[in-house]
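Please read the following points alongside the sequence and the model. They are arranged by topic.

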Amino acid sequence: MQSHEIRIGTRGSPLALAQAEETRSRLAQRLQIAPEAIQIVAIKTTGDRITDRPLAEAGGKGLFTKEIDEALLDGRIDIGVHSAKDMATRLPDGIVIAATLPRQDVRDAFISPGVTRLTDLPEGAVLGTSSLRRRALALRLRPDLRVVDLRGNVDTRLRKISEGEAEATLLAAAGLLRLGLLDRVASFMETDAWLPAPGQGAIAIAAREDDIVTRQRVAMLDDRASSIALAAERAYLAVLDGSCRTPIGGLATLDGTQLTFRGIIISPDGVAAHDIAVKGAAADGERLGREAGETLLARGGPGFFVVRR
């Protein structure tokens, strides 16, 4: 056995490292090797470096994976561990999703020291979020809110709320769960009225397409239901060209062999929205997601996703 049989590439944030540790633990157990034989390599990404402007202005999705993808293709790491919702809609040539870990809570969590629910915020309250989807959904419910950009890792954003930079924020429940911070949650945004980002709650493991040995090893970690749901959601995004520039929600859920897909597109100001719900065989998940995206694209029409300043 070599000193490091597998090298995991990840961002260096506490949440990213927690996800990498979970991957290492699961992989070591399945391969029956010591966790120390799997190295975690922290990589600073473009998204981590940009702190002076919204990510949508800098190029959207892929900013948190670009350098990890490069290290993967260069052979400096063997797999990349990502929050699936942060991955580019179209992966770089030569990279594939080799496995999806069991998905955690897909909901958004509402964080506020003063009130329990978003609808309880006082008139004109300040909501902090860097997500155009969360911004648009919030303005759809509460057009009076003043929404400001709130960047940083989970701990940073929680600190900013505690210091009064904004009166509330919204974060992924799965990330708070993985960090042991669910006690900070005031309430959860239920998916019947507030769809999450496609891929939210899922950890995706990327590998080189031609690295068959590593792909076979990692495939042992794949959770079938999570993988099918993620594939449907990414097919939906591929049609809509989903990125941080577009307010899009989407969620696929499985019940045995049946898949339900729900999607929504919202204008950046929250005024207009189109949604869809379709059902079919789980085996047809990607087709269902793609057709849902095509339907919403047609309903929205040209210019629907343009960010108006």
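1. In α9, the residues S226, I228, A229, L230, A232, E233, R234, A235, Y236, L237 and L240 are buried (under 20% relative accessible area, with exposed over 50% and partly exposed in between; 1.4 Å probe, protein chains only). The model is predicted: local features need pLDDT of at least 70, side-chain atom pairs count only at pLDDT 80 or more, and totals for chains, interfaces and linings use all residues. Residues are numbered from 1 along each chain as its sequence is written, and side-chain values use heavy atoms, without hydrogens and water.

2. Helix α9 covers residues 224-240, and its 17 residues should span 24 Å at 1.5 Å a residue; the end C-alpha atoms lie 25 Å apart, which agrees. The expected span is 1.5 Å times one less than the number of residues. Helices (H or I, at least four residues) and strands (E, at least two) are DSSP runs, numbered from the N terminus.

3. The cover over the buried residues of α9 includes β4, β10, β11, β12 and α10, where contact means heavy atoms within 4.5 Å.

4. An open antiparallel sheet has three strands in the order β11-β12-β13. Because β11 and β13 stand at the edges with a single partner strand each, one side of each is left without a neighbour in the sheet. Strands pair if DSSP finds at least two bridges between them; β11 and β12 have eight bridges.

5. Q32 lies in the loop between α1 and β2. Its phi is positive, about 55°, although Q32 is not a glycine. At 73% relative accessibility, Q32 counts as exposed.
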